[in-house]
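Let's take a walk through this model together, starting with its rings and ending with its sheet. Please keep the viewer open as you read.

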Amino acid sequence: MDATDLLRPGVLDGAVVAVTDEAAGAGLRDLGATTPTLAPAFPLDDDALAAAAGELGAVDAIVCDGCALYDLAGGGLPGLRAAADGCFAAARAVVNAAFIPAARGKIVLLAPDDTATAAALENAARTLSTEWARHGIVITCVHARARTDALVAFLCSPAGDYYSGCGFGEPS
């Protein structure tokens, strides 16, 4: 079952959802979203990320794939640091370049199936949702066990406006 089986086709028509990993955008594209990849600066070069985010133009949401970063770093503590730092750096770049000027935006953090890293990303979602709420920004975290293209698309859609500072699913 894919996102188009659960959500109305075209629910993301016209939406621009930046992704930090090309694979994270597949289900979003199936529902009509344009999914530019925030690259090649991702994950940790702040100046390059800011420049890349500025080149994206108007963005409605960003999906930060902490799973890919965790795996790239080899898991464990290096994976936790890569996922948490990389997701925050990417989100901050898009927030500053697109969301604050537009007074709206959505961030979906994808957490790996590692308890500590998932908790770090969920706590980041909770904290940042409070800090960035005044800019109309909503932030959620999706744990690997709950991750489906449909859930990520739902959170990026207008229906996702009602969820912020929460996590979906549980780490192992």
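This is a predicted model: local features need pLDDT of at least 70, side-chain atom pairs count only at pLDDT 80 or more; totals for chains, interfaces and linings use all residues.

Three aromatic pairs turn up when the whole structure is searched, a pair being rings of Phe, Tyr and Trp (its six-membered ring) with centres within 6.5 Å, called stacked with planes under 30 degrees apart, edge-to-face over 60 and tilted for the rest. Tyr163 and Phe168 make an edge-to-face pair, because their ring centres are 5.7 Å apart and their planes stand at 65 degrees.

Residues are numbered from 1 along each chain as its sequence is written, and side-chain values use heavy atoms, with hydrogens and water left out.

Now to the nonpolar cores, each a set of buried Ala, Val, Leu, Ile, Met, Phe, Trp, Tyr and Cys residues joined through side-chain atoms within 4.5 Å. The largest has 34 residues, and Leu38, Ile62, Val94, Phe99, Ile107 and Leu109 have the most contacts inside it. Its largest share, eleven residues, comes from α5; helices (H or I, at least four residues) and strands (E, at least two) are DSSP runs numbered from the N terminus. Take Leu38: leaving aside neighbours within four places in sequence, its contacts (heavy atoms within 4.5 Å) include Val19, Leu49, Ile62 and Val94. Another core lies apart from this one, with 22 residues, including Leu7, Val17, Ala24 and Val152.

Finally, look at the sheet. Five strands make an open sheet with parallel pairing, in the order β1-β2-β3-β4-β5, where two strands pair if DSSP finds at least two bridges between them. At the edges are β1 (17-19) and β5 (166-168), each pairing on one side only. From one strand to the next, the twist averages 20 degrees. The parallel strands β3 and β4 are joined by seven bridges, and Lys106 stands opposite Val138 in β4. Across β1, β2, β3, β4 and β5 lies helix α7 (residues 149-156), which runs at about 155 degrees to β3; axes are lines fitted to C-alpha atoms, for helices over the stretch in contact, and angles run from 0 to 180 degrees between N-to-C directions.

Terms used:
Buried means under 20% relative accessible area, exposed over 50%, partly exposed in between (1.4 Å probe, protein chains only).
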